[in-house]
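Subject: A structure for you

Hello,

Here is the structure I promised to pass on. Please have a look at it first, and then read my notes below.

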Amino acid sequence: MKTFLIVAVSLTVLSACSSITNLIPPNKQPATVIEVANSLSDLKNLPQANGKIAVSVYGFRDQTGQYKASSGASSFSTAVTQGATSILVQTLGETDWFLPVEREGLQNILTERKIVRAAIQGDDTDSELPPLTTAKIIIEGGIVSYDTNIRTGGLGAEYFGISSSTLYREDQITVFMRAVDVRTGQVLVSVSTSKKVLSQEVRAGLFRYISYKRLLEAEAGYTTNEPMFECVKQSIEKAVSELVLKGIERGVWRARN
């Protein structure tokens with residue numbers, strides 16, 4: 001009975017810090033659609049535009065120069081995602097303000113157009129390929145900063161062989177984005193956003209002699225880390241939203257109302 005009470009107290013301490021379900025290893029899960037974040041909801045709630053502006057993105061790169069050690073290996077990998085350009089193009093397409101045109105894979109488009117043009121000439125038809133859509137604005141910028149351990153801390157307690165503790169760490173990424181006029185090269189609007197990346201560890205343990213030569217020891221815990229991809233995605237979505245609002249404020253483009 002005494003053993004049962006001690007185990008119950010230990011589980012109560014642990015559940016006060018987190019959910020017990022987090023301690024159970026997850027099973028295999030199918031692919032899911034990425035959930036809509038608040039930043040994307042704000043993007044969809046922007047004022048309506050008079051018309052979509054054709055924009056191009058040649059590259060929205062990782063400019064941090066940060067690398068991290070790969071777990072279980074002696075190699076290093078980049079600390080932030082290298083797919084920021086794809087995230088930005090999709091985000092621009094989610095708004096009613098911009099019509100993104102493909103530029104990152106432009107060489108592939110030109111090659112495919114040559115193949116289509118050769119097929120048309122072989123058929124002796126009068127049809128021609130329409131010209132590529134030109135962009136009025138180029139979106140430039142990138143992920144300029146990745147700062148680690150900007151804040152760390154924790155809390156713990158131990159009594160009568162029962163212990164519980166929690167630790168956390170905050171990192172931060174920063175995104176700069178600007179809209180450039182294709183005709184003049186002028187920077188029309190420039191914005192910057194940042195997002196904190198939170199990591200947390202929760203532990204609980206029990207160490208107690210129940211009787212002579214009988215020792216009860218138990219330990220449980222889990223760690224959560226915000227996915228870097230999600231943080232970059234939210235920062236880019238927030239930057240696009242601020243780009244639209246700041247452009248309206250400066251008269252670069254106009255809302256319908």
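Helices (H or I, at least four residues) and strands (E, at least two) are DSSP runs, numbered from the N terminus. By that count the chain has 5 helices and 9 strands, and from the N terminus on they follow the order α-α-β-β-β-β-α-β-α-β-β-β-β-α.

Before the details, please note that this is a predicted model, where local features need pLDDT of at least 70 and side-chain atom pairs count only at pLDDT 80 or more, while totals for chains, interfaces and linings use all residues. Residues are numbered from 1 along each chain as its sequence is written, and side-chain values use heavy atoms, with hydrogens and water left out.

Of the 257 residues in the chain, 32% are buried (under 20% relative accessible area; exposed is over 50%, partly exposed in between, with a 1.4 Å probe and protein chains only). Tyr209, in strand E8 (residues 187-211), is exposed, at a relative accessible area of 55%.

Lining it are 14 residues, and Lys68, Tyr146, Arg169, Asp171 and Met228 are the closest to its centre. Strands E6 (137-159), E7 (162-181) and E8 each give two or more residues to this lining.

Best wishes

Notes:
On a 1 Å grid over the protein atoms alone, a cavity is a set of points where a 1.4 Å probe fits but cannot get out, and a pocket is an open set with protein on both sides within 12 Å along at least five of seven lines; lining residues have an atom within 4 Å of a point.
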